[in-house]
Amino acid sequence: MSKGDKRTGTIIAAHGRHYLAEADGLRLQCVTRGKKTNVAVGDLVDLTLTSPDQAVIDKIQERKTLLYRSDQYKSKLLAANVDQLFIVVATEPSFSDDLVSRALVAAEAAGIHVRLLLNKVDVTEMLEHARKRLQVYSAMGYEVIEVSATGQPEQTGATLAPLLQGHSSILIGQSGMGKSSLINILVPDADIATREISEALDTGKHTTTFTRLYHVGPDSSVIDSPGFQEFGLYHLSEGMLERAFRDFQPYLGNCRFYNCRHLSEPQCAVLDAVGQGKIAKMRHTLYGQLLHESSQTLY
């Protein structure tokens, strides 16, 4: 490889404006042209080499999917070209239903299949409570998989490995849910790979603050993203929001008014379903919150 060579690569790590791409078996430190930072881990990119181990990103190839969150001012890209999302929750510490629901809505809007992973099922005194809380999601058709990364690592690996096969997956979750332990089971050399990536990105220390992609088979990859405590969805319009609530879908189109917002309108099929317990009140409350957020967008 020499300066000026053109290559196609996959972005395998991102930290700030620094990216690491894999191209033809080599790892290249990459920057974007100008100040644009709209590159996501998982992106396929066209590159021009500037040295044997550095390149400039010329173009992002068309994405199959893009998972991201956004607040009032900016968006945060989580991953591109993934077809499967695992939302990691645990028996303890307690998980946030708000974050779980927001991640589900983001995935539905992006056309990404979702599974929920309940970790730490060896903490039996909190297990039934966690299961009960997750029933609202399984009732909507979301699969809930129970694992124990530290208590039963081999069984956890055997459960998850087939689900990753042939997929581009991403694991997300709040801090403390045991996501790192799961990654270490799925990617045995994850710690070494993380150190190498950290050095290549020049982040200065072993860090978990960047998103990175690991290959777990010839046609399978898993992306690990930093833990987060909030998940804004300011980028979703009203129409996108109602369709991204899987539990609303059977009732859409059955309201008295064609432009019903499902907030306080008379003869609203969604509100009737909430009243009858067919849609959880918590979910409808979140929908109202998200509608309000989408009206606040400044970018």
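**Exercise 1: Helix 1**

Determine how far helix 1 is enclosed by the rest of the structure. Of its 14 residues, 10 are buried, so helix 1 is largely enclosed by the rest of the structure. Buried means under 20% relative accessible area with a 1.4 Å probe, protein chains only; helices are DSSP runs (H or I, at least four residues) numbered from the N terminus. Among the buried residues are Asp 97, Leu 99, Arg 102 and Ala 106.

The model is predicted, with local features needing pLDDT of at least 70 and side-chain atom pairs pLDDT 80 or more, while totals for chains, interfaces and linings use all residues. Residues are numbered from 1 along each chain as its sequence is written, and side-chain values use heavy atoms, without hydrogens and water.

**Exercise 2: Helices 3 and 4**

State how helix 3 and helix 4 pack. First, the axes, which are lines fitted to C-alpha atoms over the stretch in contact, lie 9 Å apart at an angle of about 75 degrees. Angles run from 0 to 180 degrees between N-to-C directions. Helix 3 is therefore roughly perpendicular to helix 4, a class covering 65 to 115 degrees.

**Exercise 3: Phe 231**

Which residues does Phe 231 contact, leaving aside neighbours within four places in sequence? The partners include Leu 99, Arg 102, Ala 103 and Ala 106, each of which is a buried residue of helix 1.

Note on methods: Buried means under 20% relative accessible area, exposed over 50%, partly exposed in between (1.4 Å probe, protein chains only). Helices (H or I, at least four residues) and strands (E, at least two) are DSSP runs, numbered from the N terminus. Angles under 35 degrees count as roughly parallel, over 145 as roughly antiparallel, 65 to 115 as roughly perpendicular and the rest as oblique. Contact means heavy atoms within 4.5 Å.
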